[in-house]
Amino acid sequence: MEDNFKIYIDELQNDNLKIEKSLSPDFLASSDPELKFVSPVQIVGYACISEDFMILRLQVNSSISMPCSICNEFTSFQVKVDFCHSEELKNIKNVFDFQEILRESIMIEIPLFTECDGNCPERANIKKYLKTNSPTKGGNLLYFPFSEINNLKKE
Ligand SMILES: [Zn+2]
């Protein structure tokens, strides 16, 4: 457990706790080699107590790099997450660790596919091909021959 992700409930008793950190992206460590975090993860926000709950609100900013789904070159883009979590105080023993819930909410914001600059230069070449060989022909993907899938890969 890293201290960066800990909130001490005692510190919230009288005042909101401001949070502003630049975190190493290591905590997001992904088993996917095609997903790279290329900058620190910036978090800005606060934690406070509201009645029986601890409220944590954070704006998260980071950059990630992953292969373009058209040309397969790595491309990087910004990921922004509005993170909000509330936890009943009776579930917290003095310290609340938000590493795992923060990690999860960042990971679900990451798109499955990306494209260089939102419009890959290679797209025009592939489009031509897709038009003549629609994989949904006949409405059944199972009939899509494997030889055609191989042709789709960049030569
Ligand atoms: Zn591309």
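The mean pLDDT of the protein (the predictor's confidence in each residue, from 0 to 100) is 83, and 81% of the residues reach 70 or more. The model is a predicted one, for which local features need a pLDDT of at least 70 and side-chain atom pairs count only at pLDDT 80 or more, whereas totals for chains, interfaces and linings use all residues. Residues are numbered from 1 along each chain as its sequence is written. Confidence is highest in strand 4, at a mean of 96, and lowest in helix 3 (residues 146-152), at 51. Over residues 137-144 the pLDDT stays under 50, and the model has 5 contacts beyond four places in sequence for this stretch; a contact is counted if the C-beta atoms of two residues, placed from the backbone, lie within 7 Å.

The protein contains 3 helices and 7 strands. Helices (H or I, at least four residues) and strands (E, at least two) are DSSP runs, numbered from the N terminus. In sequence order, the elements follow the pattern β-β-β-β-β-β-β-α-α-α. Among contacts between residues at least 6 apart in sequence, 64% join residues at least 24 apart.

Strand 5 takes part in several pairings, where two strands are said to pair if DSSP finds at least two bridges between them. With strand 6 (residues 74-88), strand 5 pairs in the antiparallel sense over 15 bridges. Within this pairing, I55 has S86 as its bridge partner, and L56 has H85. The two strands form a hairpin with 6 residues between them, and N72 in the turn has a positive phi of about 75°. Strand 4 also pairs with strand 5 in the antiparallel sense, over 9 bridges, and Y46 stands opposite R57 of strand 5. A further antiparallel pairing, over 2 bridges, joins strand 3 (residues 36-37) to strand 5; here K36 stands opposite S65.

Strand 4 and strand 5 form a hairpin with 2 residues between them. E51 is found in the loop between these strands, and its phi is near 50°, a positive value in a residue other than glycine. E51 is exposed because 7 other C-beta atoms lie within 10 Å of its own, the categories being buried for 20 or more such atoms, exposed for 12 or fewer, and partly exposed in between, with C-beta atoms placed from the backbone. A positive phi of about 50° is likewise found at D117, although D117 is not a glycine. D117 lies in the loop between helix 1 and helix 2 (123-132) and is exposed, with 10 other C-beta atoms within 10 Å.

Buried residues make up 11% of the 155 residues in the protein. In soluble globular proteins, nonpolar side chains tend to be buried together. A nonpolar core is defined here as a set of buried Ala, Val, Leu, Ile, Met, Phe, Trp, Tyr and Cys residues joined through C-beta atoms within 7 Å. The largest such core has 11 residues: L12, V41, I43, A47, M54, L56, L58, F96, F98, L102 and I106. Strand 4 (41-50), strand 5 (53-67) and helix 1 (99-107) each supply at least two residues of this core. L56, one of the core residues, touches I7, A47, H85 and F98, not counting residues up to four places away in sequence. Of these contacts, H85 is also the bridge partner of L56 in strand 6.

Two further positions concern residues separated in sequence. D97 lies in strand 7 (residues 95-97). The C-alpha atoms of D97 and K6 are separated by 4.5 Å, although the two residues are 91 apart along the chain. D97 is partly exposed, since 15 other C-beta atoms lie within 10 Å. S24, in turn, is found in the loop between strand 2 (17-23) and strand 3. This residue, S24, is exposed, as 11 other C-beta atoms lie within 10 Å. From C-alpha to C-alpha, S24 and Q42 are 8.9 Å apart in space and 18 residues apart in sequence.
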